[in-house]
Every structure is written in C-alpha cells, then in structure tokens.
Amino acid sequence: MIPTIGILGSGQLGRMIAIAAANLGMRAHIFAPDADNSPAGVVAAFCTTASYDDEAALTAFAKSIDGVTSEFENVPSASLAILAKHLPIVSPSIKALDTAQDRLSEKTMAQSLGIATPRFWQIDTEQDLQTALAELDGKGVLKTRRDGYDGKGQLRVSSSDDIHDIWAQMGGKALILEAFISFETEASFLIARDKSGVVTHFPAAENHHKDGILAHSTAPAPLADEIIADGQKAVEAIANHLDLFGILAMESFVTSKGEIIFNEIAPRPHNSFHWTIEGANCSQFEQLARIVGGLPMRHVSMSHAWRMENLLGQHAEQIAGLQSMDEVSTHLYGKTGYKTGRKIGHITYPLRDSDDKSYKVD
Ligand SMILES: Nc1ncnc2c1ncn2[C@@H]1O[C@H](COP(=O)(O)OP(=O)(O)O)[C@@H](O)[C@H]1O
Ligand SMILES: [Mg+2]
C-alpha cells in the first residue's frame, strides 16, 4: 500500500512537502480553497478544493489519507479537530495551531516556560496603547496579533509618537505592543518531534531580514555553542508543551550579551531552513513527510556551511543567470505572476571556508 499524506494549504511549503513525500514513495493530497493549479496542487497526486470549514469535504479528505499536516498556521484548529475524528494523530497538533495563530498567546506561552521575550502589552483600545507607550522607554513594535506575515501588520513606534495617528493606522484589530530589541543578529531553531515524543534538532540558522521579509539564512548559525544550546532547549520545551507532532521553528533575537530572546514560532516548515534540501542529509520537508507518513525520523547533519537566499517578484530578471551557475540550486514555486515583495522561489549554495559570497544582486 502506498501511503498518502494530506496537506492543508496549497503554497510553496506544501509543494516542497509533496515533493519530499513523492521521493519517499508516498503520495500527497492537497486540501485548500484554491488547491487546483496552485504551487502545491501542480506537484501533488490528489487535490481537494474546498473551504477549511467544509466538514463533509474534510471528512472525505481524512478518509483518503494516512496522516495529515498543515503547511501554514492559520488553518482553523477546528478543521484539524474534524480530521482528528478520523486519523489517529494530526500534525502539528491543535494546541500548536491555536498558540501559533496569536502573537499574544505564543509570547505568553514562552514566558510561562521561562523563555525570555521582549516586554509586551496586550492592546485592545486607544487607552491601552497610551498606557503601554508611557511604560515603553524608547522604541517599540506594534503588531496585529493574528494573520501577520513577512512584516505585514506591523508598525515601528516610539513613546513620542502621536497616539491618535498610530491608532488611526492600526486600531480596530487585536494588537500587541512589543519593546524593540536591538539585536546583534537573528537566529532560528527547528525541531522535529514524532508521535512517541522523540525529538531531533536541525542545525540552527542565522537570518537577515530586509523590509520585514527574510532575505537570507546561513547555517550552521555562527554562534557560540552555549547560545545554540539555549535556543535548542527553548524550542524543545515549546515542542513538548504543545504536544507537537511534526516540525516546529522558533525565531529569536540574539543580543550582544549572547542572550536568546523569543520572537515567534511556526509549527511547520520554515523559510530559514530551505537550505536543508541541498545542505543537510535530510531536509525539513523530508523529516515532516516521514513523521506524518509513519517512517522513522533521520538524525540531521551537514558537512559544511550553506546559504539560502530568497527570490522575490522583483528578482525575476536574475533567475536565468542564477540557473546557469554550477554551484547554485534554484527553486521556483511555480507562482503565476511575480509581485514585488512576494516570495517566488529561493536559491541555495555551499559556503566553503570563510567565503562570504552573495549571488543575488539586490
Ligand atoms: N520586537 C522586535 N524588536 C526588533 N525587531 C523586531 C521585533 N519584532 C519584529 N522585528 C523584526 O521584524 C521581523 C518580522 O517580525 P515577526 O514578528 O517575525 O513577524 P512576521 O510574522 O512578519 O515574520 C523580525 O524578524 C525582526 O527582524
Ligand atoms: Mg517572523
């Protein structure tokens, strides 16, 4: 019997999970409101185009698959609960989705586990904003609690800003205000956890953002062993707390004192680990497909440093040149139409010795 894994969501992460599943001799079934002709749909064996609250479609989907995961955290956890009636275990877990969908919940959880976070305030009214800004000595970041990605739904603020103006721009949604962290660098940690609670870590990545969007990641992150150990301990505590089944990334800030400060989690494959396709013995997508498809996890290792750079709509003209380079692996997501500021693909290449090249002219 060929196992079939179900994937909620039809974007590039679903596409790369489906490709990894195919390499393992499995089939992928995509479920999304726009599954057909999507980045994931075009490489999957089966597609269901239906809304995430269509109980009949979810039930039929559950009966057609052996395991399920979600490629993004904003799938309603109620959809996972419906699938859980028919499948022994669902990825990433209802608790993981519920927590990761809300920046306030994820920071509160990190704090409860003793993991350092930026100071944060729940903001529901203009008065809340006024009170919090008075406490904030300097710069902050105001974010929507839900649905933000790639820096969208965020505003840099300072205690001297006009509160009416800020409220006019951001008010009306549930918000969180965070202290601005002047970090030395950003690092992400990725963990895989199987149904018996056994975990495997990936080498950590160091990340650089431009305009709120990840520009490039380098792995292994050139950080002291103690800093890496702190980050891995934190992501492991979170994975255990969330009863995680599958993979979980934690984004963090690293201060000049070597302290790891929690930023956010994503209970799914993460952009800063796309280099694992070429750079590690087992990619994040393969590890997830293995866990969901019932195969054993692999211990993850790499033999030298690797870099990933994102390709956004505005980089489209550079693709042909990159595709002609021997050392560069190009991944395009098959999106129709290239929009400025939207991810259309990525490249990876090995970093040898102390070589610090960059292939993407920006
Ligand atoms: N509190 C903060 N202090 C400093 N920089 C921040 C803070 N919050 C976000 N940023 C910057 O903005 C980027 C995107 O913010 P993040 O909260 O990760 O949202 P997104 O969901 O869009 O990735 C971060 O990777 C970091 O570079
Ligand atoms: Mg982020």
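At what angle do the axes of helix 2 (residues 55–63) and helix 3 (residues 77–84) cross, and within what distance do they come? The model is predicted, so local features need pLDDT of at least 70 and side-chain atom pairs count only at pLDDT 80 or more, while totals for chains, interfaces and linings use all residues. Residues are numbered from 1 along each chain as its sequence is written, and chains are lettered from A and ligands numbered from 1 in the order in which they are written.

**First stop: helices 2 and 3**

Select residues 55–63 and 77–84: the axes of helix 2 and helix 3 cross at roughly 50 degrees and come within 9 Å. Helices here are DSSP runs of H or I with at least four residues, and strands are runs of E with at least two, numbered from the N terminus; axes are lines fitted to C-alpha atoms, for helices over the stretch in contact, with angles from 0 to 180 degrees between N-to-C directions. Now show Glu 55, Leu 58, Thr 59 and Ala 62 in helix 2, which meet Ser 79, Ile 82 and Leu 83 in helix 3, contact requiring C-beta atoms, placed from the backbone, within 7 Å.

**Second stop: helices 6 and 7**

On the helix 6 side, select Glu 126, Leu 129, Gln 130 and Leu 133, which meet Ile 163, Ile 166 and Trp 167 in helix 7.

Staying on helix 6, colour Leu 129, Ala 132 and Leu 133, which are buried (20 or more other C-beta atoms within 10 Å of the residue's own; exposed is 12 or fewer, and partly exposed is in between). Looking down the axis of helix 6, you will find its buried residues within an arc of 100 degrees, so they line one face of the helix; the arc is that of the directions from the helix axis to the C-beta atoms. On the other side of helix 6, Gln 127, Ala 134 and Glu 135 are exposed. Display also strand 5 (120–123), strand 7 (154–158) and strand 8 (175–179), which, with helix 7, are what the buried residues of helix 6 pack against.

**Last stop: Ile 265**

Finally, select Ile 265 in strand 14 (residues 260–266), which counts as buried because it has 30 C-beta neighbours inside 10 Å. Leaving aside residues up to four places away in sequence, Ile 265 touches Ala 100, Glu 106, Ile 238, Leu 248, Ala 249 and Met 250.

How values were computed:
Two residues are in contact if their C-beta atoms, placed from the backbone, lie within 7 Å.
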